[in-house]
Amino acid sequence: MNPRVPPRRTATAALALTLIAAGLAGCTNPSDGRTTASHGGGGAETGGFPVTVENCGTRVTIAKRPERIVLVNNDALPNVEALGAVDRIVAITAKPAQGLFSDATVRALERLTPLTTEQNATGGAVVSQESLLGMRPDLVVAPENAVDRKALEAAGVPVYSPSAYCDDPPAEYRKAADFDRVWAELETTGRILGAQEAASTAIEAAKREVAGGNGESAGTAAALYVSSGGATLSPYGGPSMVTPVFAAAGLRNVYAASEERVFDVSVEDLVAQDPRTIVLLTSGGDPAETERAFLSAPGVSGLSAVREHRIITLEFPYTDPPSVLSARGPAELRQRLDALP
């Protein structure tokens, strides 16, 4: 998946749903003492349905506790897992990424066959509404620009989009991010899944993880998504979760003043900012290949971070969208910072 999230596409006459190509996010192995999949763990809660939430400027009503959830991409999976609802997922569009999920979650999702997708002219993945509805979902969780919300709701299927991935994000998502977004996303997801108690527990655990971080100053940094083989460099600004994750790890985001979540910059602009550390956000594949692509961009040799070998990679889900993994991000980032020269 491209973490930048592609522009909204129009539904075809066949009402195809445009999806983002690969999945992200999840939780780490239970042997690390971290949150694991609790299959059925949220099952004791009734949730007081029907539940209505404001989502991407739309009022979404969920009539009863969702038992058949379809995940388009795995952006919401860390929170679904933390709320003990992985066993309610009946369809996915991508296998879980390795290394970010508990063994229990990997086993549960490996048993599912991802919905068949085809690539369209813009490189996105497309799955027909027919195959999606064929899973008989009672909830679809997807970036707003990845599905036709109106068509699904007309078919009686509510859609919830992580707030960071709304076409027109809420006003607070245009401001500098903080960890309150994680708590809010967990609380809302808990409501729609009927797992409020599990959400409260997950929020408290996530707060402890953030509070336990080492915020000793490590100087300035820029988080970049590298695409087109190094031809496009996209830093993350103040509205992204990169900014609070950096701060909790002792870093200052050189693009924190930007009001854009993610945008493209020239190498010249990056060199002018001259961050002490470059953090390359990865979305699957070989991290070493991401670093090679970055180093192939003409002009990056002008960065002190390149000359001093202060380049690290970090899995994208440790930042956006807001989730329990965002709260785990500072510790992951600090561990990699500590290994630098």
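Select Leu333 and, skipping its neighbours within four places in sequence, you'll find it in contact (heavy atoms within 4.5 Å) with Val245, Phe246, Ala249, Leu251, Val279, Ile312 and Leu314. You're looking at a predicted model, where local features need pLDDT of at least 70, side-chain atom pairs count only at pLDDT 80 or more, and totals for chains, interfaces and linings use all residues. Residues are numbered from 1 along each chain as its sequence is written, and side-chain values use heavy atoms, leaving out hydrogens and water.

Together with Leu333, Leu193 touches the most other members of the largest nonpolar core, which has 67 residues. Such a core is a set of buried Ala, Val, Leu, Ile, Met, Phe, Trp, Tyr and Cys residues joined through side-chain atoms within 4.5 Å; buried means under 20% relative accessible area with a 1.4 Å probe, protein chains only. Next, pick residues 196-211: this is helix α6, the top contributor to that core with six residues. (Helices are DSSP runs of H or I, at least four residues, and strands are E runs of at least two, numbered from the N terminus.)

For a second, separate core of 20 residues, select Val226, Phe294, Ala297 and Ile311, which are among its members.

Last stop: the strands. Look for an open sheet of four, in the order β5-β4-β8-β9, with parallel pairing; two strands pair if DSSP finds at least two bridges between them. At the edges sit β5 (89-92) and β9 (159-160), each pairing on one side only. Finally, click Ile69: its bridge partner in β8 is Leu139.

Key
Buried means under 20% relative accessible area, exposed over 50%, partly exposed in between (1.4 Å probe, protein chains only).
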